[in-house]
Amino acid sequence: RVAVLGAGMAGLLAGIKLQEMGIRDVTIYEKADRVGGTWRENTYPGLTCDVPSHHYTYSFERNPDWTRHLPPGPEIQAYFERVCVKYGLEAQLRFGEKATHAEFLDGRWQLRFESGHADSADVLIAATGVLHRPRLPNISGMDAFKGDLFHSARWDHTVPLEGRRIGVIGSGSTGVQIISALAGLAGLIEHYQRTAQWIMPTENGYYSEAEREAFRDPAVLAAAMDFEGYNAGVDAYTQAIIDENSDGARYMADACLQNLEQGVADPELRERLRPDHRPLCKRLIFSPDYYQAIQHPQARLVTEGIDRIEAAGIRTVDGELHALDLIVLATGFHADTFMRPMTMTGRNGVDLETLWADHPKAYLAITMPDFPNLFMLNGPNGPVGNFSLIDIAEHQWGYISQLLERLRAGDAMEICCSKDALETFENERSEAAKKTVWYTGGCHSWYLDARGIPASWPWTYSRFVERMATPNWADLELVC
Ligand code: NAP
């Protein structure tokens, strides 16, 4: 019996792949009332995935119907809902169930839920996502504001936008997309930028009906999208993170610089938009229209620091009061929670909080010592960046499925990595992470853990694919 936590992209993937393996005794638990994960939670105007549509799909379930080169959030949500129905996952889904405790007792995972429901399973798949707990800024006076105020992932669609004075705090991928969507619609849109970001130019055209029809033929779609060529691009991107002198790093740095130089007419505004860190240090922002949006007559870039929020709006440190009707906090997420706040206790009473006391860690992002038969998708230290996490989760599943086959074959009752394997992996990973642009590029970002060391996979994509293809059994403990 397998329990899956989370019905986002990764949880649905697990459900489909378990079916493929013929494992039918499966429950996918979801705290919300719908599938979709991050695409359910985020509904802000302009919500788009900056990974090209046809590369942001399951490899086994292409979607000829994407309307745009970059997929709009609502289409992604609809895609996951369709996939769920097509693969008959509804029977396995239990909504409104928030897991609070998981404990490995007598060879099984015992699960408890906020509702009072309890369950047990031989195998637990944690597919709980990475960016799901909004990070609220520490700005005084937020309660005093008389207008509307919410985090980007908690968008209140009853609040009118047209003609209103809107302040957006934060210039990550989210803030930039919101500014692009609202410039021209809002009466005034103010973008509060604490740190300027590099913006990679991109285009976001529409697929014609004829193209969408043609893409129904998988061979046509594959030829048009060149999936292998795209993966080579992902590899070059990861190489650029490691080596600032690589062709990819130079290409992206040049493209961002040209975009800024040519995209912003006013030299004073251009300087305020010029980042003080190296491109790729923070997650690169891909945008076809941000520079255009911020130069709209009704848009204003605010680079003065925020002093406080008052009843009427935002007071910046220069003393100016910016009168606003709506404040949007596009201030990011706590990227280090993963399954938490649920408590998890493994073998011999080992608990997750102790293992993760200084920072979340997992061998190959998948398994942890003394947490047998618990496998994570998009867990800590896995690859993250400007590429598809669907693809990453599929490779991780390839690895996990090999462990499940060993359990099913009766080769072991319990599988997890050894303590030594995690320690060696984590030491090598941390050292490699210090050589990446995330560490050396002169910026702060959510990629860094509490120690200030990048938390992600610090090697190439091809190395990741290779490590996922074949488990190193010497690093895994199989208990019979
Ligand atoms: P983020 O990248 O963490 O950016 C948060 C922003 O809020 C930063 O600009 C930060 O400034 C600012 N901020 C935080 N606290 C502040 C404060 N007290 N005062 C002023 N500014 C403050 O968050 P995000 O934009 O939501 O994006 C998070 C991640 O979600 C992305 O990196 C990406 O992985 C994913 N995402 C992806 C897409 C996509 O298209 N694929 C779209 C949206 C989001 P500093 O830079 O100075 O810290």
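This report walks through a few strands, a loop residue and the ligand surroundings in a predicted model.

## Ground rules

Because the model is predicted, local features need pLDDT of at least 70 and side-chain atom pairs count only at pLDDT 80 or more, while totals for chains, interfaces and linings use all residues. Residues are numbered from 1 along each chain as its sequence is written, and side-chain values use heavy atoms, with hydrogens and water left out.

Helices (H or I, at least four residues) and strands (E, at least two) are DSSP runs, numbered from the N terminus. Two strands pair if DSSP finds at least two bridges between them. In general, strands of a sheet pair through backbone hydrogen bonds, either parallel or antiparallel.

Let's start with β11, residues 188–192. Four of its five residues are buried, so β11 is largely enclosed by the rest of the structure. (Buried means under 20% relative accessible area, exposed over 50%, and partly exposed in between, using a 1.4 Å probe and protein chains only.)

β11 pairs with β10 (residues 165–169) in the parallel sense, over five bridges; Glu-190 of β11 is the bridge partner of Gly-167.

## The β3-β2-β1-β7-β21 sheet

This open sheet has five strands in the order β3-β2-β1-β7-β21, with parallel pairing. β3 (93–94) and β21 (374–376) are the edge strands, each pairing on one side only. Between β1 (residues 2–5) and β2 (residues 26–29) there are four bridges, in the parallel sense, and Val-2 stands opposite Val-26 in β2. Helix α1 (residues 9–20) packs on the sheet and touches β1, β2 and β7 (123–126), with its direction at about 160° to that of β1. Touching is a matter of contact, meaning heavy atoms within 4.5 Å; the angle is between N-to-C directions, on a 0 to 180 degrees scale, with axes as lines fitted to C-alpha atoms, for helices over the stretch in contact.

## The β15-β16-β17 sheet

Here three strands form an open sheet in the order β15-β16-β17, with antiparallel pairing. β15 (306–309) and β17 (321–323) stand at the edges with a single partner strand each, so one side of each lacks a neighbour in the sheet. On average, neighbouring strands of this sheet are turned by 25° against each other, direction ignored. β16 (residues 313–316) and β17 pair over three bridges in the antiparallel sense, and Gly-313 has Ala-323 in β17 as its bridge partner.

## Asp-411 in its loop

Asp-411 lies in the loop between α12 (389–408) and β22 (414–417), and at 32% relative accessibility it counts as partly exposed. Beyond its neighbours within four places in sequence, Asp-411 is in contact with Arg-406 and Cys-480. The Asp-411 side chain makes a polar contact of 2.6 Å with the side chain of Arg-406. (A polar contact is a pair of N or O atoms within 3.5 Å; within protein, one must be able to donate a hydrogen and the other to accept it, and residues adjacent in sequence count only if both atoms are side-chain atoms.)

## Around the ligand

The ligand is surrounded by 22 residues, the closest being Ser-171, Thr-174, Thr-195, Lys-282 and Trp-446; a residue qualifies if one of its heavy atoms lies within 4 Å. A polar backbone atom of Ser-171 is 2.8 Å from a ligand oxygen atom.
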